[in-house]
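Visitor: Can you walk me through this one? I'd like to begin with pockets.
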Amino acid sequence: GDGFPPHLASGRNATDSNNGSPPQDDSSWENVKKEDAMPVRWVPDHAESQCSACRSYFGLLRRRHHCRSCGKLFCYYCTDYYHPVRSEQLYEPVRVCKDCYDKLGGYSKATQT
């Protein structure tokens with residue numbers, strides 16, 4: 001052929017060759033679990049006035065930071081951990097909270113020497 005899918009090359013609709021049904025070939029799709037396909041929902045900035053870990057109040061000098069793994073809000077000090085989050089297709093280290101850092105296989109700063 002000319003390199004085009006049959007339904008484009010001949011000017012026919014994709015349903016023409018299947019008696020009005022869409023193509024049945026799923027070979028290009030990867031099977032994934034529903035929970036793996038759902039992105040982490042971030043807590044909106046206005047929803048929290050305190051850090052989820054240390055409970056310090058946010059303000060001009062204490063900014064909000066989202067953990068890229070769980071989506072909760074933390075202060076700078078409580079998200080000073082970096083790790084890839086493959087479930088979110090984040091393959092380079094990104095900001096995460098201590099709990100997520102430990103769950104993702106990192107080592108707590110308290111245990112590092």
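Guide: A definition comes first: on a 1 Å grid over the protein atoms alone, a pocket is an open set of points where a 1.4 Å probe fits, with protein on both sides within 12 Å along at least five of seven lines. Its volume is the space filled by probe spheres set on the points, which are joined across faces, edges and corners. This is a predicted model, where local features need pLDDT of at least 70 and side-chain atom pairs count only at pLDDT 80 or more, while totals for chains, interfaces and linings use all residues. Residues are numbered from 1 along each chain as its sequence is written, and side-chain values use heavy atoms, with hydrogens and water left out.

Visitor: What volume does the largest pocket have?
Guide: About 200 Å³.

Visitor: Which residues line the largest pocket?
Guide: Among them are S52, C70, F74, Y81 and K98; a lining residue has an atom within 4 Å of a point. Helix α3 (residues 98-103) gives the largest share of the lining, four residues. Helices are DSSP runs of H or I with at least four residues, strands are runs of E with at least two, and both are numbered from the N terminus.

Visitor: New topic. How many aromatic pairs are there?
Guide: The structure has two. Rings of Phe, Tyr and Trp (its six-membered ring) pair if their centres lie within 6.5 Å; planes under 30 degrees apart are stacked, over 60 edge-to-face, and the rest tilted. Y76 and Y77 are edge-to-face, because their ring centres are 5.4 Å apart and their planes at 85 degrees.

Visitor: And what about Y81 and Y101?
Guide: Y81 and Y101 form a tilted pair, 5.2 Å centre to centre with 40 degrees between the planes. Y81 lies in strand β3 (residues 81-85) and Y101 in helix α3, so the pair ties together parts 20 residues apart in sequence.

Visitor: Are those two buried or exposed?
Guide: Both Y81 and Y101 are buried, meaning under 20% relative accessible area; exposed is over 50% and partly exposed lies in between (1.4 Å probe, protein chains only). Y77, at 65% relative accessibility, therefore counts as exposed.

Visitor: Where is H65?
Guide: H65 sits in strand β1 (residues 65-66). It counts as buried because its relative accessibility is 14%.

Visitor: What is H65 in contact with?
Guide: Leaving aside neighbours within four places in sequence, H65 contacts residues including K72, F74, Y76 and R95. Contact means heavy atoms within 4.5 Å.
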